[in-house]
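Open the model in your viewer and keep the selection tool at hand. The stops below say what to select and what is there.

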Amino acid sequence: MPASSLAVADVVAGYGSAPVLHGVSITARPATITAVLGANGAGKTTLLRTISGFVRTRSGQVRLDETSLTRLAPDHIARAGVAHVPEGQGVITELTVEENLKLGLLLRRRADRGAALEDAYRRFGILADRRRRHAATLSGGERQILVIARALLSAPRVLLLDEPSLGLAPKVVVQVMDLVRQLRDDSGLTVLLVEQNARSALSIADQGVVLNLGKVVATAPAGELAADVALRRHYLGF
Amino acid sequence: MQEFVEFTLGGVSDGVIYAAIGLSLVLIWRATRVLNYAQGGLAMFTSYIALIVINATGNYWLGFIVALAAGLIIGGVVERVVIRPAAGKPHLNTVIVTIGLLILVEGLAGIIYGSKNRSFPTPYSIVGAKIGSFDLGAGSSPSAIFTAISVLVAAGLLAVLFQYTSVGLRMRASAFSGTVAQLMGVRVGRMTTVGWALAGLIGALAGMLVTPQTFLYPNSMDSIFVLGFTAAVIGGLDSPVGAIVGGLILGVLLNYVTGYVGSNLPELAGLALLILVLMFRPSGLFASTATRQV
């Protein structure tokens, strides 16, 4: 399957009466990593939740290639090929590690499931060792790996990653970032990566977008953003 | 000794019925966090449907299958038509909706079938077994054995469904975390409907099994519902295994009370047990993550 693009155009969305996103436009081009950066409260998480259908789009459009995702139900958007890894949650603690992973396989063809699961265990040995345990027994970092592994098992066209490095040991962060990069290069995965840690996000991203108070204040190739000292100081704090 | 065996077997035979009602309440509770007060009433209604089929065809098993199918369909329809619109609203709304539904089905049954007690057939003899002169009581009859086996088979099939199938995984994920299930592309609403439909089926089974003892009339399932509810609460309301064990404990206990203390006391004993559990183990005997895995 050719790589997919995700386009957010003029989206206004939020909770309650006041919108959080005020006309945001972002395009994640096929087989690239787009880093979404900004301070707390900039609207990064709300942006991802709007794309995956948990926050209602008031106006504007969300498109996956030619398909409109605007105002579809979250499960429908997931089936269309958008996998969302929410921040610091998303593990079902009552299920075992393997059952959590199998949730990711529900969207795969039956014939592919066994091999995909074995592949995930090879990549994430820590999950293989704990496959029969309840997810409640995992540490925060292990849960984060489980959620990322589960999202990848669904063979998404677009991956939305919300703060994947939160709570992970630096070594594991490198491992996860390497994997994301590898999936982009080998499988043509399109990634929208939200990160507090702008420096590490820009190191693997192709493109960067800076959000501030619900508006896009800069869109540029990752290298340019990292080199823009004024912008970095003002919005990104490094 | 003979009495003890007789009371115990009778208790198990009654207990599996409470277990079945309790199990159906647990299925609904897990799917929607709703306590369905109409669950007994719906089982009464499917039993009427069965009786009509049995009287018309003379075939018990046809009536049995039609009742289970009706329970499945009615359970699913009830979820879609009256429960779904109340979802996301204050909890009291669904409570009142299910109580209203109970009044509706009992009223409908009265209008359609009349309010007189009707006898209800059993497929097998209700005469208990004897070993020499040792009478094992009604709890050892072929009918009681059929009752116990049906409920255990139904519970076993449900366990297999939940533990080993993709639909079961979807249902459990939807029950534990609707948000995560949606993220994984699960149609959570559909799983909720399936949960109610399965509960309707188990309820209909309980109705078929208990009605020969109670006779059939519009309120015939009311007291069974209360006992089934007690069984589910003893088990912790979201543990299927807990509901089964709770039903058996309750059945045996009530038979001991009836047999050794007095035949007027079992309802009181059931309520006393319910209150004790709610006071000292309000989350039930089985509501820990370890038993939730079923």
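Two residues are in contact if their C-beta atoms, placed from the backbone, lie within 7 Å. This is a predicted model, in which local features need pLDDT of at least 70 and side-chain atom pairs count only at pLDDT 80 or more, while totals for chains, interfaces and linings use all residues. Residues are numbered from 1 along each chain as its sequence is written, and chains are lettered from A and ligands numbered from 1 in the order in which they are written.

**Chain A as a whole**

Select chain A. Among its contacts between residues at least 6 apart in sequence, 68% join residues at least 24 apart. Chain A holds 10 helices and 10 strands; these are DSSP runs numbered from the N terminus, helices being H or I with at least four residues and strands E with at least two. Along the principal axes, the C-alpha atoms of chain A fill a box of roughly 50 × 35 × 35 Å. Of the 238 residues of chain A, 47% count as buried, where buried means 20 or more other C-beta atoms within 10 Å of the residue's own, exposed means 12 or fewer, and partly exposed is in between, with C-beta atoms placed from the backbone.

**A loop in chain A**

Now select Ala31(A), in the loop between strand E2 (21-28) and strand E3 (33-37) of chain A. Its phi is near 55°, a positive value in a residue other than glycine. Most residues other than glycine have a negative phi. Is Ala31(A) buried or partly exposed? Ala31(A) counts as partly exposed because it has 19 C-beta neighbours inside 10 Å.

**Where the chains meet**

Show both chains. Here 18 residues of chain A are in contact with 17 residues of chain B. On the side of chain A that touches chain B, helix H2 (74-80) and helix H3 (97-105) of chain A each supply at least two residues.

**A helix pair in chain B**

Select residues 142-164 of chain B, helix H5, and residues 188-214 of chain B, helix H8. Their axes come within 10 Å and cross at roughly 170°; axes are lines fitted to C-alpha atoms, for helices over the stretch in contact, and angles run from 0 to 180 degrees between N-to-C directions. H5(B) and H8(B) are therefore roughly antiparallel to each other, a term for angles over 145 degrees. For the contact itself, pick Thr147(B), Ser150(B), Ala154(B) and Leu158(B) in H5(B), which meet Leu198(B), Ile202(B), Leu205(B) and Leu209(B) in H8(B).

Technical notes:
Angles under 35 degrees count as roughly parallel, over 145 as roughly antiparallel, 65 to 115 as roughly perpendicular and the rest as oblique.
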